[in-house]
Amino acid sequence: MKNYILSEGLPFLRPRYKFLLISNLIVVFLLFSIFQVQADGMGQTVTIEQKNIAFVDALREIKRQTGYTVVCSSEILKSAGPSNLSLKNVPLFQALEALLTPKGLTFYVEGKSIAIKKANSQSATKPEEIKTQLAGRPIQGIVTKADGQPLGNVTVSIKSKNRVTTTDNSGAYTISADAGDVITFKHVGYKLKEITLADQQVLNVSLIPEETSLQEVVVVGYGVTKKMNLTGSVESVKSAELEKMPVVNTATALSGKVPGLVLKQSSGQPGNNDPVLNIRGFGSPLVIIDGTQQGSFGNLDIEEIESITVLKDAAAAVYGAQAGNGVVLVTTKRGGSGMPKITFNSAYTLSTPTRYPKMMSAGEYAELYNEAQLNDGVAPANLRFSTAAIAAYKNQNDPANYPNTDWFDVAARQYAPQYKNNLNVNGGGENVKYFFSLGQASEGGLWRSGDSEFKRYNVRSNLDVKVTPSLTATIDLAGRNESRSNPNISVNDIFLNILRSQPIYAPTYPDPTKYAALGRVGANGLISTQKDVVGYLDDDRNYFTGSFKLRYDIPFVKNLYAEGRLTYFKDEAYLKNWSQQYSTYNYDAANNVYSLASQNGQTALTESQAHSRRMTHQYSLNYDRTFDKHSFKGLLLFEGINEDANNLSATRRNYISTAVQQLFAGGTDSQSTFGTATQNGRASYIGRLNYAFDSKYLLEATFRYDGSPRFAENRRWGFFPSLSLGWNISDENFLSEVNWLDNLKLRLSFSNTGNDGTGNFQYLTGYQYNSTYMIGTSPKQTIVSTGLANPYISWEDLTTYNVGLETRVFGSFGASLDVFYRKREGMLATRAGSLPFSFGAVLPSENINSQDNRGFEFVLNYRRKFGNFSTNLSGNVSYSRAKWIHFEEPVYEDGDQIRINQRSGRYVNQTFGYMTDGFFQSKEQIGNWPINQDGAKNATLKPGDLIYKDLNNDKIINWRDQALIGKGDLPNWYYGLNTDFSWKDFSVNALWQGAAGFNFQITADAKSTFTQDQNGYQYFYANRWTPGRTDAQYPRASVGLPANQDKLSDFWYKKASYLRLKSLMLSYSLPKKLTKRISSPNLSIFVAGTNLLTFDNLSDFGYDPEAPSWNSGLYYPQQTTYTLGLKANL
Amino acid sequence: MKKYFFILFTVFLSSCTDDFLDKKPIDRISDGAVFNDPALTDAYIYQLYNELPLHMNSVGWSWNPNGAAVYFPMVVCDEGLQQGTYWEQYVKWNKGLEDASNTYDQWWGYSTIRRMNEFLEKIGGSSLSKTQKDIYTAEVRFLRAFAYFEMVKRYGGVPLITTVQQINTPAEQLFVPRSTEKQIYDFIHTELSDASVLLPETRLDIEYGRATKYAALALDSRAMLYAGSIAKYGKLELDGVVGFPAAEASGYFQKSYDASQKIMAFAQSTGKIGLYNKYPSDPVKNFYQLFIDEKNVETIFSVQYNGLSGKGHSMDFWLAVQGISVGWGQEVNVPLELVEAFEYKDGSSGKLDRTALTQGSYSITDLFKNKDSRFNASVLYQDSPWQGGKIERYSGTYVMENGVEKLVTSPNQTINGKVACSPGGGPYAVTGFTPKKYYDERLVRPLAGQSETDFLVFRYGEILLNFAEAAFELNHTPEALTAINQLRSRAGVAAKTALGINDIRNERRVELAFEQHRLWDVRRWRIAVTDLSRDFSGMKYYYEAATGKYRLTFVNKVDTYTRLFQQRHYYHPITPSRIANSPKLIENPGY
């Protein structure tokens, strides 16, 4: 603590307490006076008679005459002009008023010091008030962080008395106060704490970090910055937010949390449930983990992640040729300081499909099959089922001969278990900081057999070591093992088999080693899920990242440091694919006789190994310095990447036994091997300059000079600049009176980036090995030209403009709006129309197509605390839609072709199809129908078939009758609402998430019945057209799909908008006195769920709105989960 | 302190930019290497073979690796109908709904033709010997003729492109209009005439499967026969873009006749080609083995397969009979009309007296034992011996229960040790007959892609039929008769003494059944509109537990839809997308 006690002052200003004045934003200018202190002559009056006296000189004179130290900001000192003073033995106070008031300044005296401030600043004090301020008794205390570490620089104030002080490095403070005074503790990044003083003399306080605040530090490309200094559209999600979603896949936890980030989770399969990420509808973003590319982040452990930042506009530009679709930055946790903090998390989850289509029962199946045959014109005598059989299937009197099997129910269990655990330690001292994490997760699959499983282990060690005062080393090591085990049948085929399995067959026989035959098609949904029957596909992947970084603070130049970093990332995969033969049987229950129905599959083993390696070199110079109101930050960086990959696989067949499931044991006659290799690289020079004036006016300029070997030597280097500006309007003087306005900021950005994810080596011609062709007695290698080369091929060129406005008012309400426009040029396409198909070669891809994309993101949040109750609501909505500026296509001349096929100038996500108008109700209606609908004068049509609208009235239905029926399958509206409520030790978090502006196409299996005699959907049975049900929802039954019903039409193209309760978490922190007994300072337990409620249009069908649109029903369904978990700090 | 700085600096300098950017595709062969290296030149040519639709599975719908639906040509004509209706495209085709935007069975082979033209341009500059280059050139010209034949039989006249067009070729040369159908057939003939001179008469075993002189002549024989019959029976339209002047017919028949005769002369003089007759005492086995026994004397040109070891097809997978199959199988049912097209050994009509047959019960093998041996070699039916057992495809069993006769149709009931309804029966035996030709009895549980039976693109039997037809059309009936009787004699069927055009066509229908000829033959004869726009019938077997024999019923319409072949379907559409891309193309009539 520094004391400025120079002498006894005025009686009423007798200094009683030590204090110091430090302001956050003000550079302190001290007038170190050399004037002698006159023991007797030190008066409290001032005499200055001088015209045009400089402000500084006036102050010096006052100090000389009174002995008071004057504290004043350099800003005031510089801006205050000279004065004409005529003071003769004027009391100090009057003298100061005479000097300062005309300049809009005021002062504040404490002890032997005079502080000068602007008059309109809040602490402006009338001299009379000063007297009252100094009353009270000394209160002392220590301010600490939550972990007990002292916290310096905390502003401690008593608002009602305009009294203020700050804590020193040991967190200590002293202030005078009376009982009943409200003492406020304030520090950047921590929640404001207000305490009403009782009669104590010691007041120790612990401050809690603030969750979101303008002072928050946000990770950006190649560095960090304070949120208030951001000039780009950047969203950051902290670990605490991510952890509210009890999921194994980390990427899923971003759902609904980042405005502008669209997530679609198309599969719920364990270990294969990475959602599709799309920033602003741009496409697949670049993912950077701890500064380098290391694959996807879905399988990092949530607990090892500190934050995930999404860069949407110019903020991404520092990644140059790869940044066009935005960037996702994932940052892992690092060590803090102090005692080791051990955190343990554990969660147990049960998952169940959100929904799945219900299939027909045996009775429904038999009834509808006959109906379909009749509809198709089969003679009644030739129908498949007798009336008696249908009745028997329905009433289930004789289940041995007339079974009724729900194959989904037989094959799938209601709930599949999942669990995940994580133990991590974080701590450090002066020289070493560490974070260690060990995580484990397991997801079980849907099948009763238990034969579908995903397991994951994550380990991480992040170390920061101060080698010398100017040299810091960072060593990060992370490893991950993922293993997946599944039946040797693709998920789609398993679902296909379940769907196809006819309900009229029993799933099992008394002899469990004999598998049931299901009629003609050997598919049996039950055995498809069993590894010991069909074989297995085991997949074991290891990921390793090692990163070594040295930071060297360069002497001689203040705040300049150099950094060098090497990151090695390796991904290796081992696959073992074993298939084996199995037989199915028919069973005569009456005589207990089994007869072989079919033998399926073949024993075969394929093993494959794939390796890929990436070495990233990064060398940089960094500078960060503030001069007066000017702050500068600079970065120069070189980045080089080397990568290569290879794989190898081998197959053998004809195993004589299944006992040894190894390659050597297989037959050699049809063995085969395969292997390939690729290499790639990148070199980049990156620069960035940040400049801020007075923290109000912000500028960021970046460039990146990127070289990629994908392109020809003279086309491989690209220059990508960006410029962004920010204006913290609320810091302007003219708004300083507006008390309700906490923050108002305007951001503008422009950037030029690229997308080089296409066109590998297309500048070269040559020949490639192709498949084989048999000549003589053995397959011979063939070669094929790689096609015409385009030496000019290059990356896509993307220009993004973004305007952002963000505000916070009344301390509780926040809002931000970002509006963007992106122009995407040079998209690869082949020229259409310039060459006929008889040319025989496709033109090489050229950078000719272009799109533009526009949209906005809007966020509204409310955060408030009422006593023990606190709430945090945050809603976001985003919209984006892309249009083709130029789509390479023939010049259409036909009006309908222009209307239906032409894409230039049109939105990208538009789908054309036929319009339907109900069903034909009778043969007469078809006979009299004036429109030739099937191209065969309606001879193929039957009652119950769809009617198509003849949009152009030419009396025939053909491609010209198509119209816009919907959008694509990726939503262009996306919204989320995150609500947090907490009361004392309880908290509830609910995340609502939804999407709109996309469609779901009901396809093949779902719109027909009995294709391959397979079972059909119950919804079809219940709502099909029959002569008696003319207001049906679906067409007539048929064996297979009639061509008439197959057209892509509005009938099968459903709006898929949805809103769902994506996650809900209830947590309770156990009271301290309870947790102390088990020596855990913090222990909380929670129950949580995901996908608990969904509102949408597809529930009739049983599809999840996030299901893939193109293969109705044949997918691993999204999961609803229920979780019980605990989190303990040990 | 400074030393750390130097360490960083040194590391930085040691990583030069070039290290990161000096990358090449490491899986490619450079341009110059190919045509001077015989191994790479061969590899280039093998790719051309690979791309040609030599066997139908090169075109259309791939189901599994190497397992395209090879049975397609059988089920879009009167040789078969597909089991069920799930390959929607076949149904659409048979219903006559194919319109201008038809995408099935399209083969617009210009990318292959470009590779061929490129080869022919570049091989000249090769350092290989002239002899070698001549043979290569002839081989590729044969393949290019094959490619044009595959197009002309689908579309009629197509753009005739014999050079490698460049991007900067002037538009008037780049946008080539359709030649006349005649020009294409004439081009094919010229190319084959030239190629047949330079190609070797036979190939070494290690080159088996590559073009020979007689492959070229066989293609000429077939192509010219097509041209002749289209000239005679078709219509000249679009200024000759499709069809021929009728007067041209005999000229083409003559060319076909000549080509066939050259092959027949070689066959007679050397015996290196001829009719397969390894099992003269068992004509059924003999005719069946003709397609299984690879590289036999009857082979003129075949596509080689080795199953799952590299190149396989899926014929066995699709044809596998139910109860033996792997779930799929029995995809093709043979209509009774084709069964009836096979005569009896004595030369009498194969027509069945359906009314009579619905009375009483029969041994099925007895019923068909006197048929043309090619029938029992080509078709499977109830009780056909197979894999040591017999085919079961009865639809139910008649039993006496308490003195009352009852029909049981559940596969889960056994009667006399036999399942009441065979796994291959019930709703799956629509016609009661399935193809046997090309279905390898040795494959017990065939998998997709497992078939390794070579496909005979040209066999001597076809040449005799081509010759007979051309000779007949040229009024050389006695020569036709001799040729036909060679085939009948091998099959153990009474010789013909007189011939009509329908006799020749029927002989072709039964001899070449399931060999991918019929769908093109009914087109070139212009009889598809009548012969394919009709219903087909089938037979159902019911086991009589008491007698061990079968009762028969007939299904008059086995398709679940009505077949229609429209006049326009004699040619495939050029399609609007190709026309939009090249406005000089004109669409075929009726689309």
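How many bridges join strand S8 (residues 155-158) of chain A to strand S9 (residues 163-166) of chain A? Four bridges join them, and the two strands run antiparallel. The model is predicted: local features need pLDDT of at least 70, side-chain atom pairs count only at pLDDT 80 or more, and totals for chains, interfaces and linings use all residues. Residues are numbered from 1 along each chain as its sequence is written, chains are lettered from A and ligands numbered from 1 in the order in which they are written, and side-chain values use heavy atoms, with hydrogens and water left out.

Strands (E, at least two residues) and helices (H or I, at least four) are DSSP runs, numbered from the N terminus. Two strands pair if DSSP finds at least two bridges between them. In chain A, an open sheet of four strands has the order S9-S8-S11-S12, with antiparallel pairing. Its edge strands are S9 and S12 (193-196), each pairing on one side only. Neighbouring strands are turned by 20° against each other on average, direction ignored. Such angles run from 0 to 180 degrees between N-to-C directions; axes are lines fitted to C-alpha atoms, for helices over the stretch in contact.

Ile158(A) stands opposite Arg163(A) in S9(A). S8(A) also pairs with S11 (residues 182-186) of chain A, antiparallel, over four bridges. There, Ser157(A) has Thr184(A) as its bridge partner. S11(A) is joined in turn to S12(A) by four bridges, again antiparallel. Phe185(A) stands opposite Lys193(A) in S12(A).

Further along chain A, strand S41 (residues 813-829) runs antiparallel to strand S42 (residues 846-866), with 15 bridges between them. Val819(A) has Phe856(A) in S42(A) as its bridge partner. S42(A) is also joined to strand S43 (residues 869-886) of chain A by 17 bridges, in the antiparallel sense. Tyr862(A) is partnered by Leu873(A) in S43(A). S42(A) and S43(A) form a hairpin with two residues between them. In its turn, Gly867(A) has a positive phi of about 60°.

The crossing is left-handed, meaning that the near helix is turned anticlockwise from the far one by less than a right angle. Contact (heavy atoms within 4.5 Å) involves residues including Leu225(B) and Tyr233(B) of H10(B) and Ile463(B) and Glu473(B) of H18(B). By class, the contact has five nonpolar, two polar and five charged residues. Ala, Val, Leu, Ile, Met, Phe, Trp, Tyr, Cys and Pro count as nonpolar, Asp, Glu, Lys and Arg as charged, and the others, Gly among them, as polar.
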